[in-house]
Amino acid sequence: MTDSKRRKKHTLESLVDLALQMEKETGHFPTYREYPYLETVVQRFKSWHKFVEACEKSFD
């Protein structure tokens, strides 16, 4: 099995949920260096900043 087939498929919602869970656990929103799926976030959202904005909208 190739590495790409072993990788977990993350939905946009699961990426946001993980960031919000990390915030809850640590008391601060994760930085891009702390977030374990940065590469996936950048591929899907095009930038860390856009990902942070999507997370903020989930509070609304």
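L15, V16, A19, L20 and M22 are the buried residues of helix α2, buried meaning under 20% relative accessible area, exposed over 50% and partly exposed in between (1.4 Å probe, protein chains only). Seen down the axis of α2, these residues fall within an arc of 155°, so they line one face of the helix; the arc is that of the directions from the helix axis to the C-beta atoms. They pack against α3 (38–45) and α4 (48–57). On the other side of α2, E13, K24 and E25 are exposed. Just after α2, G27 has a positive phi of about 85°.

This is a predicted model, in which local features need pLDDT of at least 70, side-chain atom pairs count only at pLDDT 80 or more, and totals for chains, interfaces and linings use all residues. Residues are numbered from 1 along each chain as its sequence is written, and side-chain values use heavy atoms, without hydrogens and water. The mean pLDDT (the predictor's confidence in each residue, from 0 to 100) is 87, and 85% of the residues reach 70 or more.

Rings of Phe, Tyr and Trp (its six-membered ring) pair if their centres lie within 6.5 Å; planes under 30 degrees apart count as stacked, over 60 as edge-to-face and the rest as tilted. The count comes to six aromatic pairs. Y35 and Y37 form an edge-to-face pair, 6.3 Å centre to centre with 80° between the planes. Ring pairs link F29, Y35, Y37, F45, W48 and F51 into a cluster.

| Residue | Relative accessibility and class |
|---|---|
| Y35 | 3%, buried |
| Y37 | 32%, partly exposed |

Methods: Helices (H or I, at least four residues) and strands (E, at least two) are DSSP runs, numbered from the N terminus. Contact means heavy atoms within 4.5 Å.
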